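Please follow the model with its sequence at hand.

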Amino acid sequence: MSLRDATIDRERRDLVTHQAMDESRLIRFVAGPDGAVAPDLGRKLPGRGMWVEASRASVDTAVKKNLFSRSAKAPLKPTADLADTVEALLIRRCLDQLGLARREGVLISGFEKSAAAIRSGKAAWLIEAADGSADGRGKLAALARHQTTRICGAFSADDLSLALGLENAIHGVLLRGGRADRWTIEVERLAGFRSLRPAAWDLDHPGSTRGDGSDEDPKDEPERAD
């Protein structure tokens with residue numbers, strides 16, 4: 001059963017706001033025998049789950065206000081950098097999903113192939129290296145604007161290259177389907193801890209209202225190594 005299947009129509013109560021939310025918007029935590037608080041992103045660890053909205057602010061609040069101890073009715077000792085730990089785990093899960101997608105043939109890499117996939121309407125996500133060139137990114141983002149393709153720039157070229165087993169991975173497209181659905185759950189949770197659109201992109205295109213180069217003319221550019 002996929003994470004998406006496991007969370008459809010199932011809600012939990014957020015420790016911080018006490019609001020009921022779909023599990024896909026939350027992070028599950030469990031208490032360890034030593035009083036530690038461990039993130040359980042796959043929702044598989046034994047024990048009573050404690051649920052916090054997938055955002056840095058919410059996790060930090062739960063730590064500072066001792067909400068884990070209150071929920072468990074026992075003294076717990078979450079680390080001060082618990083939100084950083086969650087972010088790192090989410091990054092790993094997102095990159096692992098991309099590696100699986102490439103092996104399954106549903107992740108396209110390279111500028112020309114990515115552009116073609118976006119034009120075909122089959123692209124769920126355009127994945128751009130955060131530190132890639134503004135020119136190529138802007139042209140692909142402009143194509144994506146005319147489709148329902150979402151854009152992620154949360155990872156560096158080194159991160160993507162390692163995850164995909166490629167040299168200099170800059171542009172990629174995740175095709176629609178079950179893998180893209182699972183990726184979306186993970187990356188939307190990551191968005192609560194790390195921006196999917198780096199601030200530096202706004203500096204590349206100060207006149208753009210979207211900060212992703214989408215006002216540029218989506219002309220083709222020569223294929224480049226990825």
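Asn-168 sits in the loop that joins helix H7 (157-164) to strand S9 (171-175); helices (H or I, at least four residues) and strands (E, at least two) are DSSP runs, numbered from the N terminus. The phi angle of Asn-168 is near 55°, a positive value in a residue other than glycine. With a relative accessible area of 43%, Asn-168 is partly exposed; buried means under 20% relative accessible area, exposed over 50%, and partly exposed in between (1.4 Å probe, protein chains only). The model is predicted: local features need pLDDT of at least 70, side-chain atom pairs count only at pLDDT 80 or more, and totals for chains, interfaces and linings use all residues. Residues are numbered from 1 along each chain as its sequence is written, and side-chain values use heavy atoms, with hydrogens and water left out.

Lys-73 also has a phi near 55°, a positive value in a residue other than glycine. Its place is the loop between helix H3 (67-72) and helix H4 (82-104). Lys-73 is exposed, at a relative accessible area of 73%.

Strand S9 leads on to the sheet. Four strands form an open sheet in the order S6-S9-S7-S8, with mixed pairing; two strands pair if DSSP finds at least two bridges between them. At the edges are strand S6 (107-109) and strand S8 (150-152), each of which pairs on one side only. From one strand to the next the twist averages 25°; axes are lines fitted to C-alpha atoms, for helices over the stretch in contact, and angles run from 0 to 180 degrees between N-to-C directions.

Which strands does S7 pair with, and in what sense? Strand S7 (residues 123-128) runs antiparallel to S9, and 5 bridges join the two. With S8, the pairing of S7 is parallel, over 3 bridges. Trp-125 has a bridge partner in S9, Leu-174, and stands opposite Arg-150 in S8. S7 is mostly covered, with 6 of its 6 residues buried. In a regular strand the side chains alternate between the two faces of the sheet.

Helices lie across these strands. Helix H5 (residues 111-120) lies across S6, S7 and S9 and runs at about 35° to S9; contact here means heavy atoms within 4.5 Å. Helix H8 (residues 178-190) lies across S7, S8 and S9, at about 50° to S7. Helix H6 (residues 134-145) belongs with S7 and S8 to a right-handed β-α-β unit. A crossover is right-handed if, with the strands pointing away from the viewer, the path from the first strand over the helix to the second runs clockwise.

How many disulfides does the model contain? The count comes to 0 disulfides, a disulfide being a pair of cysteine sulfur atoms within 2.5 Å. Cys-152 is in no disulfide either, the nearest cysteine sulfur being that of Cys-94. Cys-94 is buried, with a relative accessible area of 0%, and Cys-152 is buried, with a relative accessible area of 0%.
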